[in-house]
Amino acid sequence: MTKGPIEFYFDYSSPYGYLAATLIEDIGAAHDRPVVWKPILLGVVFKATQMAPLTEVPLKGDYSKHDFARSCRYHNVPFRMPAVFPIASQAPARGHYWLWDQDPQLAKRFSLAAYSAYFVEGTDVSAPEASADIAAALGVDRDAFLAAIGSPEIKVRLKQETEAALAKGVFGSPFMIVDGEPFWGADRLPMLSAWLERGGW
């Protein structure tokens, strides 16, 4: 019997999404579950949930910035709060889906590289040219990448993926669904792993 995948929803402007992206494949491998990476747009999610980025919420904002760094240190994941935050993530998200249709593993490497560029090097990956540079460093044709993320088809694809995520109840980043069970937040990764280990409870 084929085991269902872990659906991994994230936004490139999400520090917790970044942290989860560095850990999720190990969880999938440990439980023989493929991981399907699905970038979404948190801006659309926030409108649907009437919420705002954590850093913009009184009291929570200062705590969240402290916790972003602390959580990454806990997992030995490099992190530096970007000077520009949050950012629009359409460019890398569109690029991910274009790459995914050709080579899912390449798309995952691109997404990890985009996350690292933003949350370690401080590169504003919302710029199409910046995302194209990241893809090019992985051997992707830069011009083809830029053409793809500007195409109507890929723009619609990202819109549809975000709408489909909302329809499944996804309301944040990271958000994982496996066998119909939802888990929100990087702090739920140990519970996700235990759920897979025990077969639920």
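This passage walks through the fold of one chain, from its overall build to a few individual residues.

The model is predicted, so local features are described where pLDDT is at least 70 and side-chain atom pairs count only at pLDDT 80 or more, while totals for chains, interfaces and linings use all residues. Residues are numbered from 1 along each chain as its sequence is written, and side-chain values use heavy atoms, with hydrogens and water left out.

The chain contains nine helices and four strands. Here helices (H or I, at least four residues) and strands (E, at least two) are DSSP runs, numbered from the N terminus. In sequence order the elements read β-α-β-α-α-α-α-α-α-α-β-β-α. With a radius of gyration of 16 Å, close to the 17 Å that the globule rule gives for 201 residues, the chain is as compact as a globular protein of that length. The radius is taken over C-alpha atoms, and the globule rule is 2.2 Å times the number of residues to the power 0.38. The C-alpha trace spans about 50 × 45 × 35 Å along its principal axes.

How much of the chain is buried? Buried residues account for 47% of the 201 residues, where buried means under 20% relative accessible area, exposed means over 50%, and partly exposed lies in between (1.4 Å probe, protein chains only). The chain exposes about 10100 Å², and carbon and sulfur atoms supply 55% of that area. These areas come from the Shrake-Rupley method with a 1.4 Å probe; for residues, only the protein chains shown count as cover. Contacts (heavy atoms within 4.5 Å) can also be sorted by distance along the sequence. Among those between residues at least 6 apart in sequence, 71% join residues at least 24 apart.

The strands come next. Strands β1 (residues 6–10) and β2 run parallel and are joined by five bridges; two strands count as paired if DSSP finds at least two bridges between them. Within this pairing, F10 has P39 of β2 as its bridge partner. Strand β2 (residues 35–39) is mostly covered, with four of its five residues buried. As background, side chains in a regular strand alternate between the two faces of the sheet.

Further along, β3 and strand β4 (residues 181–184) pair in the antiparallel sense over four bridges, and V178 stands opposite E181 in β4. Two residues lie between β3 and β4 in this hairpin, and D179 in the turn has a positive phi of about 50 degrees.

Most residues other than glycine have a negative phi, and most peptide bonds are trans. D32 sits in the loop between α1 (15–30) and β2 and is exposed, with a relative accessible area of 56%. N76 also has a positive phi, near 55 degrees. N76 belongs to the loop between α3 and α4 and counts as exposed at 70% relative accessibility.

P86 lies in the loop between α3 (60–74) and α4 (90–100). The peptide bond from S173 to P174 is cis as well, with omega near 0 degrees, and P174 is found in the loop between α8 (152–167) and β3 (175–178).

Leaving aside neighbours within four places in sequence, H31 is in contact with K3, S193, L196 and E197. The C-alpha atoms of H31 and K3 are separated by 9.3 Å, although the two residues are 28 residues apart along the chain.

A lysine in a helix gives another example of a covered residue. K108, in helix α5 (residues 104–119), is buried, with a relative accessible area of 8%. Not counting residues up to four places away in sequence, K108 touches E25, V35, W37 and W100.

At the end of the chain, G200 lies in the segment after α9 (189–198) and counts as buried at 15% relative accessibility. G200 and I27 are 173 residues apart in sequence, while their C-alpha atoms are 15 Å apart in space.
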